[in-house]
Amino acid sequence: MSRLDSFIRRLEAQRSCLGFAQERSSYIPGVVLELGLGNGRTFDHLREICPGREIYVFDRQVAAHPDCIPAANRLFLGDFGDTLPRAAQQLGAGSAALIHVDLGSGDATASQALAAQITPQIAALMAAGAILISDQPMPDPTLKPLDLPTGVKPGRYFMAEKR
């Protein structure tokens, strides 16, 4: 499969997972968290499918399209190890209804290690019934793995619900 085809399938899978998560979490009060702003495509999509929800974004630095940069008061810049505890203080434990995590750096070992490191902090931010979508496995005893939407290849994304 070409890299272009792989990229297209990844984005289609991401869109399917986001739609599923939005629908499943629509009745849960809380904010939406986006870890990994990148170029801002997913943040822009979340604004469209989650109208009325506050969306907070985390990244090391802003490199997004100008139309896809969140307001400064909704942006946590820096290392996740520093920004997630700050978010917990500011937003409160159990404040998120939906969390999307995109950590993939091209280095699978480093991406998985980072995911394992931040999973407890992510789980603590999730409200009961909240949905987590991640490009990395994020096992935690408080998270129940969910089946992926139809057409999404296992291992391409991971989804879980807060118990």
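Arg-47 and Asp-44 sit three residues apart in helix H2 (residues 41-49), which puts about one helical turn between them. In this predicted model, their side chains meet in a salt bridge, 2.7 Å from N to O. Both ends are partly exposed: Arg-47 at 33% relative accessibility and Asp-44 at 34%.

A search of the whole structure turns up three salt bridges. Here they are:

| Pair | N to O distance |
|---|---|
| Arg-47 and Asp-44 | 2.7 Å |
| Arg-24 and Glu-161 | 3.4 Å |
| Arg-74 and Glu-54 | 3.9 Å |

Take the pair Arg-24 and Glu-161. Arg-24 belongs to helix H1 (residues 3-25) and Glu-161 to strand S7 (residues 158-162), so this bridge ties together parts 137 residues apart in sequence. Arg-24 is partly exposed at 30% relative accessible area, while Glu-161 is buried at 14%.

Then there's Arg-74 with Glu-54. Arg-74 is in the loop between S2 and S3, and Glu-54 is in the loop between H2 and S2, so the two tie together parts 20 residues apart in sequence. Arg-74 has a relative accessible area of 26% and is partly exposed; so is Glu-54, at 35%.

On to helix H3. Phe-80, Thr-83, Leu-84, Ala-87 and Leu-91 are its buried residues. Looking down the axis of H3, they fall within an arc of 100 degrees, so they line one face of the helix. That buried set packs against strands S1 (31-35), S2 (55-59) and S3 (75-77), plus helix H4 (108-125). Asp-82 and Gln-89, on the other side of H3, are exposed.

As for the ends, Asp-79 caps the N-terminal one, with a side-chain oxygen 2.8 Å from the backbone nitrogen of Gly-81. After H3 comes Gly-92, with a positive phi near 95 degrees.

Note on methods. Residues numbered from 1 in each chain as written. Predicted model: local features only at pLDDT ≥ 70, side-chain atom pairs only at ≥ 80, totals over all residues. Heavy atoms only, no water. Buried < 20%, exposed > 50% of the residue type's maximum accessible area, 1.4 Å probe, protein only. Helix = DSSP H or I, 4+ residues; strand = E, 2+ residues; numbered from the N terminus. Arc of directions from axis to C-beta. Contact = heavy atoms within 4.5 Å. Polar contact = N/O pair within 3.5 Å; in protein donor to acceptor, adjacent residues only side chain to side chain. Salt bridge = Lys/Arg side-chain N within 4 Å of Asp/Glu carboxyl O.
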